[in-house]
Amino acid sequence: MNSKPEKPFDIVVLGAGESGVGAAILANKHGLSVFVSDYGQIAPRHQEELAMYGIPYEQGRHSLELICHSLEVVKSPGVAETTPVMKAVRKAGISVISEIELAARYTDAYMIGISGSNGKTTTTMWLHHALRSAGLDVGLAGNIGFSLARQVAYEPHQYYVIELSSFQLDDMYKFKANIAILLNITPDHLDRYNHRFDLYAEAKMRIIQNMGPKESFIYWADDPYVNRRVKELAPDIQLLPFSISRNEGEVSAFLNDKDELEVKKNGEAIFCIKRSELALPGAHNLQNAMAVALAASVVGISNESLYQALHVFRNVPHRLEFVRSLKDVRYVNDSKATNIQSTVAALESMTPPIVLILGGTDKGNDYSVIEEAVKEKAIGLVFLGVDNDKLHKAFDGKVAQIADARSMPEAVRKATEMARPGSTVLLSPCCASFDLFSNYEDRGDQFRACALAMS
C-alpha cells in the first residue's frame with residue numbers, strides 16, 4: 001500500500017513479529033482499521049495471517065506519510081526510538097503504545113507482570129507452571145510464546161503471567177498489574193537509552209505505575225537501585241520484598257537459618273521449602289523461586305501445590321540448558337545470556353575449568369565485571385562475533401587460549417579443542433545475537449545442534 005487513505009487508520013502497527021501481528025489481529029477483531037508496516041521482511045506465516053484477516057501491510061519499508069496519517073501507533077519492542085519512522089511519528093504527535101497496553105484495554109483478567117534485567121524468563125515460566133499446576137486458567141505472554149494481544153483476542157484466560165521488557169514498559173500508560181515482580185536492575189540495553197543507566201532503570205520501575213493498595217509489588221530487597229526508588233516513591237501498594245542476605249526486618253521471603261526458603265505474612269511463616277529441594281540450582285534461581293513463592297501466595301494457591309511446583313520444574317531452553325556430556329566434557333547452552341549480569345550468574349553456577357564462548361552485538365558491556373571470574377574459571381575463550389576487537393582488548397593476555405569464530409560450528413569446534421576432561425564448554429555470550437544469528441534462540445539452537453552432532 002503506497003497511497004495515503006482518505007481516512008486515517010485507527011491503528012498502525014510497526015513491526016510484524018508475534019507481538020505486532022497479535023496486536024493487529026486484536027484491533028481488527030474489535031472493528032478498528034489497521035495497517036501493519038515492517039522495515040524488514042515479514043515471515044510467510046505472518047503474511048498469511050494478515051491476509052486471512054484482510055489486514056493491509058507493507059514490508060521492506062516504512063511509508064511515513066501513511067503511517068503518520070493514523071490515530072495511534074502500536075510499536076513493537078524491537079523498533080528503536082532513534083529510527084526515522086519513530087522520529088516522524090513523535091514529530092507528528094501521534095499516540096504510541098505497546099502491544100501489551102493495547103491488549104489490556106480488552107480484558108479484565110488478573111495480570112501478573114514480571115520484569116528485571118536477569119531471570120525474568122525463568123521466573124515467568126516457573127510462576128506460570130505453579131499456577132497452571134494448581135488448576136488455574138492462566139496464559140503465558142509477553143516475550144514468551146503467543147502475544148498477549150493474540151490470546152486476549154482468541155484464547156482468553158482468567159490469569160496472565162507476562163514477561164515485560166523495558167521496551168514494552170516504555171509504551172505502557174494505563175496498564176495495571178495486580179502483581180508486579182521486579183527481580184533486579186543491572187546495566188542492559190544501554191544503547192537504547194543513550195547509554196544512561198538511570199533512563200533504563202526508570203523504564204523498569206514503570207511496572208508499578210497505576211497500582212494501588214489492593215495490588216502487590218514483589219521485589220529484590222538487595223538491589224540498591226530498586227530498594228532506594230521504592231523508598232523514594234513510597235507507593236501506596238503492598239510491598240513484598242525478598243532477600244538472600246538477610247532474614248530479619250521487612251522482607252517477606254528469605255533464606256532462613258535451616259537453609260530453607262521461607263515466606264512470611266504478618267510476621268508468621270506460611271511456607272517453607274529446603275533450598276536443596278528447589279528444582280533449579282544457583283543463587284539466582286533461589287531469588288527466582290522466592291519471587292514465584294510470593295506471587296503464588298498472593299494468588300492463594302495451596303502450599304502443597306506450591307511445593308510441587310518449586311520442586312518439579314524444568315528450566316527453559318537457552319538458559320543454563322545442559323545439552324550433553326561427551327568424552328567427559330559438558331556442553332551448556334546459555335544463549336539467553338545477552339548481558340553481563342546473566343553471564344556473571346552463569347559463571348558463578350559453574351565449576352571450573354570452563355571454555356567460554358562469548359561475543360556478538362555489544363550493548364555497551366563493561367567486561368571488567370567478569371574479568372576476575374573469567375581468569376579464575378576459564379581455560380579458554382572463543383569470541384563469536386563479526387567484530388571482536390573490544391573482547392580482545394578486555395581479555396588478551398589474561399587467558400591462555402583465545403580464538404575467534406565467525407560461525408557456531410567453528411566456535412564449538414575450537415572450544416572443544418581447548419577443553420580437557422572434566423571441563424565445561426559454556427555458551428554464555430554477554431551480547432545480542434543479531435550479527436551472526438536471527439535471535440538468541442537461533443544461536444542456542446545452533447549450539448545445541450553442533451554439540452549433539454559430535455561423536
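User: Leaving aside neighbours within four places in sequence, which residues is Gln-446 in contact with?
Analyst: Quick heads-up: this is a predicted model, where local features need pLDDT of at least 70, side-chain atom pairs count only at pLDDT 80 or more, and totals for chains, interfaces and linings use all residues. Residues are numbered from 1 along each chain as its sequence is written, and side-chain values use heavy atoms, with hydrogens and water left out. Gln-446 lies in helix 17, where helices (H or I, at least four residues) and strands (E, at least two) are DSSP runs numbered from the N terminus. Taking contact as heavy atoms within 4.5 Å and skipping those sequence neighbours, Gln-446 is in contact with Met-408 and Phe-437.

User: Is Gln-446 buried, partly exposed or exposed?
Analyst: Buried means under 20% relative accessible area, exposed over 50%, and partly exposed in between, with a 1.4 Å probe and protein chains only. Gln-446 has 28% relative accessibility, so it counts as partly exposed.

User: How far apart in space are Gln-446 and Val-21, C-alpha to C-alpha?
Analyst: In sequence, these two are 425 residues apart. In space, the C-alpha to C-alpha distance between Gln-446 and Val-21 is 27 Å.

User: Val-21 also turns up around Glu-49; which residues is Glu-49 in contact with, leaving aside neighbours within four places in sequence?
Analyst: Glu-49 sits in helix 2, residues 44-52. Its relative accessibility is 17%, so Glu-49 counts as buried. Outside its sequence neighbours, Glu-49 is in contact with Val-21, Ile-25 and Arg-150.

User: Where is Met-454 found, and which residues does it touch, not counting those up to four places away in sequence?
Analyst: Met-454 is in the segment after helix 17 (440-453). Its relative accessibility is 21%, so Met-454 counts as partly exposed. Beyond those sequence neighbours, Met-454 touches Arg-324, Leu-326, Tyr-331, Val-412 and Thr-416.

User: What separates the C-alpha atoms of Met-454 and Val-412?
Analyst: Val-412 is among the residues that Met-454 touches. The two are 42 residues apart along the chain, and their C-alpha atoms are separated by 9.7 Å.

User: Is Lys-204 buried or exposed?
Analyst: Lys-204 is found in helix 9, residues 197-205. The residues it touches, not counting those up to four places away in sequence, include Ser-115, Gly-116, Ser-117, Lys-120 and Leu-164. With a relative accessibility of 2%, Lys-204 counts as buried.

User: How many disulfides does the structure hold?
Analyst: A disulfide is a covalent bond between the sulfur atoms of two cysteines. Here it's called as a pair of cysteine sulfur atoms within 2.5 Å. Cys-430 is in no disulfide, with the nearest cysteine sulfur, that of Cys-431, 5.8 Å away. The number of disulfides in the structure is 0.

User: What is the phi of Cys-430?
Analyst: Cys-430 lies in the loop between strand 20 (424-427) and helix 17. At 0% relative accessibility, Cys-430 counts as buried. Although Cys-430 is not a glycine, its phi is positive, at about 75°.

User: And what is the phi of Asp-259?
Analyst: Asp-259 lies in the loop between strand 12 (253-255) and strand 13 (260-265). It has a relative accessible area of 38%, so Asp-259 is partly exposed. Asp-259 is not a glycine, yet its phi is positive, at about 60°.

User: Zooming out, why is the protein chain called as compact as a globular protein of its length, and what is its radius of gyration?
Analyst: The chain has 17 helices and 20 strands. The radius is taken over C-alpha atoms, and the globule rule is 2.2 Å times the number of residues to the power 0.38. For 455 residues that rule gives 23 Å, and the chain comes close to it, so it is as compact as a globular protein of that length, with a radius of gyration of 23 Å.

User: What share of contacts between residues at least 6 apart in sequence joins residues at least 24 apart?
Analyst: Buried residues make up 56% of the chain, and the C-alpha trace spans about 70 × 55 × 40 Å along its principal axes. Of those contacts, the share joining residues at least 24 apart is 64%.
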